[in-house]
Amino acid sequence: MNHPFEINKDGHLMVGGVDTTYLARKYGTPLFVYDVSLIRKNARAFVDTFRELGIKAQVAYASKAFSSIAMLQVAKQENLSLDVVSQGELYTALQADFPVERIHLHGNNKSYQELSMAVEHNIGCIVVDNFSEIDLLEEVLTEQNKTVNVLLRVTPGIEAHTHDYILTGNEDSKFGFDLLNGQAEQAFLKLQNMEAINVVGLHCHIGSQIFETDGFIMAVRKLFETLGAWKQKFSYMPKVLNLGGGFGIRYTAEDDPIPLGGYVDALVDEVAKQVDRHGLDFPEIWIEPGRAIVGNAAVTLYTTGAKKEIPGVRKYLSVDGGMTDNLRPALYQAKYDAVVANKANDPLTEMVSIAGKCCESGDMLIWDIEVPEVEYGDILAVFSTGAYGYSMSNHYNRFPKAAVVFAEQGEDQLVIQRESYQDLIKNDLPYEIKERV
Ligand code: LLP
């Protein structure tokens, strides 16, 4: 079994030094349990590697992976910066007292309100995505009589997929300015002419759950082709190069990621080569890992329920959650590994498929996994659910959202309460019912 957690003498899975069967009893299921020391370890793998290499950097946690007050407190304590993509994520960051100068705002359709809030709170940088946004931002800056740092988001024409990447002449993406057809240069010139805007550098993000460094290296080369040209033409020297996130993690034994620091090594190595080649100053390097910070740090606990056997075909084992707390299998055919948390040392005796409890045939969490003899009321722990699990959870079938617990050094704390049924209907308003006609 490929997971970073301990199993205690009773054969129970431990997370953050706490028995998960105790947590399931105490808080109910479905329950997300984060091992905070693993979040810290992942963050430090990035931060420390930059420091050891002597590179000025910002490691901006992509809060879309999992945003909550508690999570952002830990991110702040670990000296991370923060990537937010909406007013809701920005609001959460402000409520968590996250240092505003380390917040970066993203989004392909930032609203007037989002930009206003960002400018009003003097956040560190806005990653400008398209021409419409430039106009909107100008309006906001004039209105508030403020200046702002921006990064120009470009699409380098590299499409990275999980295991391979292909070069596309002209990437078809809703994000960023195209490097190949001159849009990026046009946007750059427009921004450079605006007094209230300081273009600190370029941003690109090539995809998510990427294991190989080649795609990142290719992106760095593309960015420097442009930066080299802009140096010649406009004497422009970027202060910052933001290379996005996307660093892959292990979900199942099939995944074989490199250590997190290895991604940093590869990026820094290529930037160094390109800086020399184009005669540029070494920029600060910013990255935006989301999944790699929190993905492997959490498990989701479920209680096992109904079983159905179709002889000779399959055994279904249902749990008390599913696509409402983990949409990834239904949306991306994402694969997960799991263990029966109260029988973690028992011999694996049967093959089952883990079904969620939503009214949807596609609500399957894991196809074909070996488990010990499972009874009603056992606790199933699904690994690596820390990223894009809770953050993509939803209310389908009117299931209340799960609770989230942080465990560290043998202590547990509830950091997001389980939704109640009252919470579910709190925005419902009665209809002033008309006579039937
Ligand atoms: N920066 C930008 C501009 C991004 O668009 C993303 C992710 C990240 C950073 C963080 O990527 P990460 O390091 O987490 O791979 N819901 C999908 C993932 C969507 C990612 C979207 N952008 C999933 O569950 O796999």
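The protein splits into domain 1 (6-35 + 295-424) and domain 2 (36-293), with bounds that come from an automatic or database domain assignment. This is a predicted model, so local features need pLDDT of at least 70 and side-chain atom pairs count only at pLDDT 80 or more, while totals for chains, interfaces and linings use all residues. Residues are numbered from 1 along each chain as its sequence is written.

**Exercise 1.** Work out how far apart the centres of the domains lie, and which elements of domain 1 touch domain 2.

*Solution.* Start with the C-alpha centres: those of domain 1 and domain 2 are 33 Å apart. Next, go to the contacts, where two residues count if their C-beta atoms, placed from the backbone, lie within 7 Å. On that basis 22 residues of domain 1 meet 18 residues of domain 2. Two or more residues each come from β4 (31-35), β22 (403-408) and β23 (411-416). β22 gives the largest share, four residues. The domain 1 side then comes out as twelve nonpolar, six polar and four charged residues.

**Exercise 2.** Describe how α8 packs against α9.

*Solution.* Two packed helices are described by the angle between their axes and the distance between the axes. Axes here are lines fitted to C-alpha atoms, for helices over the stretch in contact, and angles run from 0 to 180 degrees between N-to-C directions. For α8 (residues 214-234) and α9 (residues 260-278), the angle is about 25° and the axes are 10 Å apart. That makes α8 roughly parallel to α9 (under 35 degrees is roughly parallel, over 145 roughly antiparallel, 65 to 115 roughly perpendicular and the rest oblique). Then pick out the residues: α8 brings F216, I217, V220, R221, F224, L227, G228 and K231, and α9 answers with Y263, A266, L267, E270, V271, Q274 and H278. Sorted by type, the contact holds nine nonpolar, three polar and three charged residues.

**Exercise 3.** Check the backbone at S235, R398 and P30. Are S235 and R398 buried or exposed?

*Solution.* Take S235 to begin with: its phi is positive, about 55°, although it is not a glycine. S235 sits in the loop between α8 and β14 (240-242). For exposure, count other C-beta atoms within 10 Å of the residue's own, all placed from the backbone: 20 or more is buried, 12 or fewer exposed, in between partly exposed. S235 has 7 such neighbours, so S235 is exposed. R398 also has a positive phi of about 55° without being a glycine, and it lies in the loop between β21 (379-383) and β22. With 9 other C-beta atoms within 10 Å, R398 is exposed. As for P30, the T29 to P30 peptide bond is cis, with omega near -5°, and P30 belongs to the loop between α1 (20-27) and β4.

**Exercise 4.** Compare sequence and space separation for M194 with E138 and N122 with E435.

*Solution.* M194 and E138 are 56 residues apart along the chain, and their C-alpha atoms are separated by 8.1 Å. M194 is in the loop between α7 (183-192) and β13 (197-203). N122 and E435 are 313 residues apart in sequence and 54 Å apart in space, C-alpha to C-alpha. N122 lies in the loop between α5 (112-120) and β8 (125-128).

Conventions: Ala, Val, Leu, Ile, Met, Phe, Trp, Tyr, Cys and Pro count as nonpolar, Asp, Glu, Lys and Arg as charged, and the others, Gly among them, as polar.
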